[in-house]
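Here is a short briefing for a reader meeting this structure for the first time. Look over the sequence and the 3D view, then read on by topic.

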Amino acid sequence: MSAQIRKPMSKRMKTHIGMVLPALILFIAFNTIPLITGAFYSFTNYRGYGSYDMVGLRNFIDLFQDSRVGSSYLFTFKYAICGTILVNVISLVLALGLNSRIRFKSALRGIYFLPNILSGLIVGYIFSFLFTYIIPAAGTALGWKALSNSILASESWAWVGVLIVGVWQSVAMNTIIYISGLQTIPADVYEASSIDGANPWQTFQKLTLPLLLPFVSTNLILSTKNMLMVFDQIMSLTKGGPAQSTESISYLIYRNGMDGGQFGFQSANAVVFFVVIVTVSVIQLRLTSKKEEQL
Amino acid sequence: MSTAVAKSAKKLKTREEGKPNILLTVLLIIGCLTVLFPLYMTIVIALKSPSEMTNDVAGALSFPSSLSFSNFSEAMRVTDFWNSLLNSFLITGLTIGLSLVLHSLAGYSIGRSMGGNKAFKFIYFYIVSGMFVPFAILMMPLVKETAILQIDNMLGVILLYVVFYMPMNVMLYCGYLKNIPQAMEEAAEIDGASTWTTYWRIIFPMMSPMHATVAILTALGTWNDVMTPLVIMSGSEHTTLPLAQLNFQTQFGTNYNLAFASYLLALIPILIFYIICQKSIIGGIANGAVKG
């Protein structure tokens, strides 16, 4: 009896295995194998060419003493934390606005979503011109000293320039996700709260936000991950400068790993970066799923 | 009690028939300027001749006195526009095609089998966890690997994209599959159809809302990506549209009109696509967010 059931099952199973196999082979070939080779090279002094030796944990020890690596982590985290907060606050406010009773609703949504479809590199070039020429010229004309120099040339403020561009682009996607979240909240929930005499702020705090929480956690995880991996904007805005003050982890790995003869060392950096991203994502998942359970 | 009912009925009425909030509309329109201003600047500078660019704000931002299209023809020549456009189209198109086929197949087999099969459950988490692998760690080994396999060209970039978008797309397909009742396939199989035919005849067409989402998300990601072609195709003479802007930065020099004409040219295809399919793009992404 059981054999009879099993036979057609196994035929179906064979087809299913055949269906998943092409994707699985590609994934192993271009994700798992490079991941393992990268991890292997992190224990070597490979320069990207020629011969190499195993150096054990040397690269990892050096990594924690390397000031350039340290400052790239500092920049990347400063950028990702400020960026994630700004993006989520702005896009939540925008989503609330774009989801209420307004005129030109779909046109406005269309415009606010526009930055998301544009190439990050080209957006960076456009803003680079804005920061380097237009804003200083406007600053000089208005007599504002603070604005009369390009912020991209300032060692202490260039990261804000990169942040503005990053936020400008990321807000679009998160806004759409928040809007689709707001639309899952049934209208009668709001009616109940207005009957109970809740003011708009109470409604938002006690009703909208908790019901939106799954989308908040999606957005937080998405934007943190994307912001930690920042690359395109750096490439077009600052190339890591001035004085390496805006060098992100991805950019440093690219710069020194590909051309700087630090293949082994930057592989170690990449391994640490990978662990950092996984840790941050897991912590975020844990925290938000706990919050969701409490409700 | 009756007053409460009447009150709620009144509230209901105002909610549905209430006037649009004009103040909010105005605020949101003003906010749009932050999005539109950089684009306005790009268009104006691209249409201007270099002699009109003075050192003050007005010089850059004023409307050009005469439209100069020579920037565009010059930019097309310098960046080999039509070739990079074709390459971008080829890469994005083939990536989407392969993704729709391979990812939906994988998503289907995993989604239907992982309930009772531990191996498929493992494959699901194995592939989806790829979402957290940063490109930075794969970059250097992939450059070596693609060189050895002699796919350090467009084909390699396409295959890599198929892998990079696999975690998200497989997750989306698996999630969507929960909405499709299994009874459909069982009925078809009782009629003697094989799993393979059932999939292509019944399931694949039924997943078309998710195909749209997957196609849009994959298209936006691949069309705008610079990093992958930058490191993988650096040996070949081919470029993509965004990569060309990076490669020809030095040739633009201080001729910002030429540079901006080139940026605008590179943005136009996706802008046209967006204007035509705006509703389905936004809808598709919202769909992915709710299902994902």
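## Briefing

In chain B, the C-alpha centres of domain 1 and domain 2 lie 33 Å apart. The model is predicted.

- The domain assignment gives domain 1 (22-68) and domain 2 (73-291) of chain B.
- Nine residues of domain 1 of chain B are in contact with six residues of domain 2 of chain B.
- Between them, domain 1 and domain 2 of chain B bury about 690 Å², with 78% of it on carbon and sulfur atoms.
- B:Thr42, B:Ile45 and B:Ala46 supply 54% of the area that domain 1 of chain B buries against domain 2 of chain B, more than any other three residues.
- Two residue pairs are in polar contact between domain 1 and domain 2 of chain B (both at pLDDT 80 or more).
- The count of salt bridges between domain 1 and domain 2 of chain B is zero.

- The area buried between chain B and chain A is about 8200 Å². Carbon and sulfur atoms give 80% of that area.
- In terms of contact, 99 residues of chain B meet 87 residues of chain A.
- The interface of chain B and chain A holds 14 residue pairs in polar contact (both at pLDDT 80 or more).
- Zero salt bridges are counted between chain B and chain A.

**The largest nonpolar core**

- This core has 178 residues. Those with the most contacts inside it are A:Phe30, A:Phe113, A:Ile117, A:Leu118, B:Met41 and B:Ile110.
- Helix α16 (residues 256-291) of chain B gives the most to the core, with 17 residues.
- Domain 1 (22-68) and domain 2 (73-291) of chain B each supply at least three residues to this core.
- B:Met41 touches residues of both chains, including A:Ile126, A:Phe129, B:Leu61 and B:Phe260.

**Buried spots in chain A**

- Helix α10 (residues 249-259) of chain A is largely enclosed by the rest of the structure, because eight of its eleven residues are buried.
- Among the buried residues of α10(A) are A:Ile249, A:Tyr251, A:Leu252 and A:Asn256.
- Just after α10(A), A:Gly261 takes a positive phi of about 70 degrees.
- A:Gln233 lies in helix α9 (residues 232-237) of chain A. A:Gln233 is buried, with a relative accessible area of 10%.
- A:Gln233 touches several residues away from its own stretch of sequence, among them A:Gly120, A:Val162 and A:Gln169.

**Salt bridges**

- Over all chains, the count comes to five salt bridges.
- A:Asp62 and A:Arg58 meet through their side chains (3.1 Å, N to O). They are four residues apart in helix α2 (residues 58-65) of chain A, so about one helical turn separates them.
- A:Asp62 is partly exposed at 28% relative accessibility, and A:Arg58 is partly exposed at 42%.
- A:Arg68 forms a salt bridge with A:Glu247, the closest N and O atoms being 2.7 Å apart. A:Arg68 lies in helix α3 (residues 67-98) of chain A and A:Glu247 in the loop between α9 and α10 of chain A, so the pair ties together parts 179 residues apart in sequence.
- A:Arg68 is partly exposed at 25%, whereas A:Glu247 is buried at 2% relative accessibility.

Note on methods. Residues are numbered from 1 along each chain as its sequence is written. Chains are lettered from A and ligands numbered from 1 in the order in which they are written. Side-chain values use heavy atoms; hydrogens and water are left out. A nonpolar core is a set of buried Ala, Val, Leu, Ile, Met, Phe, Trp, Tyr and Cys residues joined through side-chain atoms within 4.5 Å. Buried means under 20% relative accessible area, exposed over 50%, partly exposed in between (1.4 Å probe, protein chains only). Helices (H or I, at least four residues) and strands (E, at least two) are DSSP runs, numbered from the N terminus. Domain bounds come from an automatic or database domain assignment. Contact means heavy atoms within 4.5 Å. Buried area is the accessible area (1.4 Å probe) that two parts lose on being put together, summed over both. A salt bridge is a side-chain nitrogen of Lys or Arg within 4 Å of a carboxyl oxygen of Asp or Glu. A polar contact is a pair of N or O atoms within 3.5 Å; within protein, one must be able to donate a hydrogen and the other to accept it, and residues adjacent in sequence count only if both atoms are side-chain atoms. Lists of a residue's contacts leave out its neighbours within four places in sequence.
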